[in-house]
Amino acid sequence: MTVHSDTLAPEDLEGHRRELTAYCYRMLGSGFDAEDAVQETMVRAWRAGERFERRSSVRSWLYRIATNVCLDMLRGRQRRARPMELGPSRPPVESSLEGVLPEGSWVSPIADERVLPPESDPAEVAEARDSVRLAFVAALQHLPARQRASLILCEVLRWRAAEAAELLGTSVAAVNSSLQRARATMSSIDTGASPATVDDSQRDLLARYVDAFERYDIDRLVTLLHDDAVQSMPPFAMWLQGAADIGRFMLGPGAGCRGSRLIARTANGCPAFGHYKPDPDGGHAPWALQVLEISGDRIAGLNFFLSTDELFPAFGLPPHLPE
């Protein structure tokens, strides 16, 4: 369809892709679903371009479309969660790996470059990082979809209640009521600590982690973890709690990771690594995307996402490492 130059141009749409992806990610809890939602938003906007009369900004118009797309996608779906929300921690033994989560039931990661504002002031970047953390996004999934949209629009994006009401096709009173209920729910959920600012001490911690992991010096690696650190491995339902149990798992069922290599990335406002295990046929094969959560001077969470066929291309990671 031809879009008239006095209504919309392609750059009017593409210039908002990153922030729309962040919004859809918070709504849906999946990087892949967020990308699909934004693509559908762009298609709908392009098709409706001739009818856009600029009575509102392109940005608010796109958010309205994106919200409707997300609400459609969420209809009838179960809540995405982290393994830590779905059952107690398990012992670090092979049998703990028997349970597998249903496809699409866990919060999945997203690359920072797809959702964080480029070249912004440090305060804006810090807020954006905080709003895409795995624990925060998982907490958002506890909210009904329209409450979720109200909270993200007003608390994360700083829209006025009147703007959110217009977008959602409701009243200011209804938005304020939704916000009150959403805040009460969020305050009852542990959303974890905000990601630490990347400084010399954090870079040193990560360097020591990579060194210990690649040498598979688990005694050394355990000293880098908080005593109550957690480890999860979606799609496995199992999760571990405690540095000691994480160490035992790595020397037991996880011992096949000995000899691994790590490639640095960032995800969800946190350090991340493409994790490659030794390949019997030579080199190293993809095993997991690791997302590390840091609190203070140690690591509080190790999140291993094993869907490498989808995740590694999304993070620009090679499909195989040579010798």
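Biologist: Which residues does Y23 touch, leaving aside its neighbours within four places in sequence?
Modeller: Y23 is in contact with Y63, A66, T67, A149, I152, L153 and L157, once neighbours within four places in sequence are set aside. Contact here means heavy atoms within 4.5 Å. This is a predicted model, in which local features need pLDDT of at least 70 and side-chain atom pairs count only at pLDDT 80 or more, while totals for chains, interfaces and linings use all residues. Residues are numbered from 1 along each chain as its sequence is written, and side-chain values use heavy atoms, with hydrogens and water left out.

Biologist: Which members of the largest nonpolar core touch the most other members?
Modeller: They are Y23, C24 and M27, in a core of 69 residues. Helix α4, residues 58-74, gives the most to this core, with 11 residues. A nonpolar core is a set of buried Ala, Val, Leu, Ile, Met, Phe, Trp, Tyr and Cys residues joined through side-chain atoms within 4.5 Å. Buried means under 20% relative accessible area, exposed over 50%, and partly exposed in between, with a 1.4 Å probe and protein chains only. Helices (H or I, at least four residues) and strands (E, at least two) are DSSP runs numbered from the N terminus.

Biologist: And what does the second, separate core include?
Modeller: That core has 31 residues, among them L221, L224, I246 and F273.

Biologist: Back to α4. At what angle does it pack against α8?
Modeller: The angle between α4 and helix α8 (residues 145-156) is about 145 degrees, and their axes lie 10 Å apart. Axes are lines fitted to C-alpha atoms, for helices over the stretch in contact, and angles run from 0 to 180 degrees between N-to-C directions.

Biologist: Where is T21, and is it buried or exposed?
Modeller: T21 is found in helix α2, residues 17-28. T21 is buried, with a relative accessible area of 2%. Not counting residues up to four places away in sequence, T21 touches A34, E35, V38, I110, R114 and V115.

Biologist: Changing topic: in what order do the strands of the sheet run?
Modeller: The 6 strands form an open sheet in the order β2-β1-β6-β5-β4-β3, with mixed pairing. Two strands pair if DSSP finds at least two bridges between them. The edge strands are β2 (239-241) and β3 (261-267), each of which pairs on one side only. On average, neighbouring strands of this sheet are turned by 20 degrees against each other, direction ignored.

Biologist: How many bridges join β1 to β6?
Modeller: There are 4 bridges between β1 (residues 225-232) and β6 (residues 298-305), and these strands run parallel. Q231 has L302 of β6 as its bridge partner.

Biologist: What about β4 with β5, and β5 with β6?
Modeller: β4 and β5 run antiparallel and are joined by 7 bridges; F273 stands opposite Q290 in β5. β5 and β6 also pair in the antiparallel sense, over 7 bridges, and the bridge partner of L289 in β6 is F305.

Biologist: Which residues take a positive phi in the two hairpins?
Modeller: In the hairpin of β4 and β5, with 5 residues between the strands, G282 takes a positive phi near 115 degrees. In the hairpin of β5 and β6, with 2 residues between the strands, G296 takes a positive phi near 65 degrees.

Biologist: Which strands does α11 lie across?
Modeller: Helix α11 (residues 200-215) lies across β3, β4 (270-278), β5 (284-295) and β6, running at about 145 degrees to β5. Helix α13 (residues 243-251) lies across β1, β2 and β6, at about 50 degrees to β1.

Biologist: What does V210 touch?
Modeller: V210, in helix α11, touches L262 and F273, not counting residues up to four places away in sequence. V210 counts as buried because its relative accessible area is 18%.

Biologist: And R208, what is its accessibility?
Modeller: R208, also found in helix α11, counts as partly exposed at 27% relative accessibility. Leaving aside neighbours within four places in sequence, R208 is in contact with R220 and L224. The C-alpha atoms of R208 and L224 are separated by 8.1 Å, and the two residues are 16 apart along the chain.
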